[in-house]
Amino acid sequence: MTTRDQSPSLASAGVRRTETELADGRELVYYDDSPGYADGSRTRELVDGRDLPPVATTSTMRYDVLTGEWVALAAHRMDRTYKPPADQCPLCPTPAGGPPTEIPADDYDVAVFGNRFPSYAGAGTALAQDGPAALDGEELFVERPAVGACEVVVFTSDHTASLASQPVSRVRTVVEAWADRTAQLSALAGVKHVFPFENRGEEIGVTLAHPHGQIYAYPEPAPRLAAQLRQAAAHRDATGRSLLADVVAAERRAGTRVVLSGERWTAFVPVAARWPVEAQLAPHRDVADLADLDEGERAELAVLYRELLRRLDRYFDGVDRLPYISAWHQAPVGEGRELGRLHLQVFSILRAPGRLKYLAGSESGAGAWVNDTTPERIAERLRAVAS
């Protein structure tokens with residue numbers, strides 16, 4: 001077990017990073033904020049004693065010439081863990097004398113490890129140098145390795161908790177983990193886009209109930225980021241300014257859809273919200289990614305993000321935990337980085353208690369979105385349920 005030199009941000013947040021490996025060679029990183037572990041007077045010495053075969057992936061990517069998008073094919077993920085009972089949860093601590101989990105410690109604060117069933121793998125290795133090749137001898141059909149990384153971020157050892165239920169200090173630790181992993185993954189050969197996110201709720205398709213998120217590192221900017229970069233480039237050519245900075249400034253001036261505001265961050269419902277519940281959270285300063293946030297921005301983010309998640313849980317009467325997707329959009333690594341700007345998008349497919357927003361013909365087939373409410377109504381409700 002090793003502890004890398006702690007970054008100034010981790011030190012200022014009172015967080016200690018400790019690295020180890022799982023039995024199959026995957027990296028496991030603890031981010032500790034609790035007394036003893038955070039100051040280094042105690043260490044986690046437990047070793048993963050499982051007999052695990054090496055991780056084997058079959059992931060490839062194929063280019064869709066009709067849309068200009070790459071599609072990952074990861075057939076090995078059909079066998080991933082699916083809704084285990086609570087006493088067999090792989091994200092819980094390993095109990096003394098009990099069956100081992102993915103985290104070989106009897107307790108932890110925040111833990112990050114490589115996904116055993118990754119959609120993308122091989123970043124930083126020779127695989128990252130492999131380029132596209134024709135499929136079936138047809139130049140129109142191109143295939144390449146799905147180079148990248150997929151990590152699991154476990155927010156707490158408490159199986160029944162949520163990120164919103166954690167103290168601000170623990171949310172800050174999660175922010176530090178996201179930032180640290182963003183920096184580490186961005187430095188790997190073959191990575192061009194790092195995307196932290198959280199899926200919550202069975203309605204979203206979550207197969208592990210323990211509070212956790214993921215980080216994907218892609219070999220190309222994902223389609224949504226690619227679209228944002230095209231719009232940002234056109235706006236810069238026309239005005240010389242940052243599109244996302246102008247959007248945040250315009251929402252703050254209008255105020256109509258602002259739901260939460262601090263000294264360094266503002267949360268608002270986007271003017272063209274697609275989902276029945278949706279909000280964005282953006283820094284006031286031009287920031288490329290989570291790793292670029294300064295100490296003040298990280299501290300305020302922990303407070304405002306927790307408050308936003310708590311408001312989402314109060315959005316519908318009778319719904320204790322809103323199913324949602326929380327997605328951190330970050331600037332790409334390398335080309336186009338100057339056009340990107342950090343911001344959060346969080347949304348739910350729940351349009352009323354017990355009723356889901358289905359993406360049917362218009363949305364899924366044509367890509368033409370129809371929302372069942374208005375952004376202004378969403379914002380009004382998010383302001384009404386403030387703590």
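Here is a short tour of a sheet, a core and some charged pairs.

This is a predicted model, where local features need pLDDT of at least 70, side-chain atom pairs count only at pLDDT 80 or more, and totals for chains, interfaces and linings use all residues. Residues are numbered from 1 along each chain as its sequence is written, and side-chain values use heavy atoms, leaving out hydrogens and water.

**The sheet.** Start with the open sheet of 11 strands, ordered β1-β2-β5-β8-β10-β9-β14-β15-β13-β12-β11 with antiparallel pairing (strands are DSSP runs of E, at least two residues, and helices runs of H or I, at least four, numbered from the N terminus; two strands pair if DSSP finds at least two bridges between them). Select 16-21 and 258-261: these are β1 and β11, the edge strands, each with a single partner, so one side of each has no neighbour in the sheet.

**The core.** Now pick W178, L301 and Y305, which touch the most other members of the 57-residue largest nonpolar core (buried Ala, Val, Leu, Ile, Met, Phe, Trp, Tyr and Cys residues joined through side-chain atoms within 4.5 Å; buried means under 20% relative accessible area, exposed over 50%, partly exposed in between, with a 1.4 Å probe and protein chains only).

**Charged pairs.** Next, show R285 and E297, whose side chains meet in a salt bridge at 2.7 Å, N to O (a Lys or Arg side-chain nitrogen within 4 Å of an Asp or Glu carboxyl oxygen). R285 sits in the loop between β13 and α5, and E297 in helix α5, so the pair ties together parts 12 residues apart in sequence. R285 is partly exposed at 37%, while E297 is buried at 3%.
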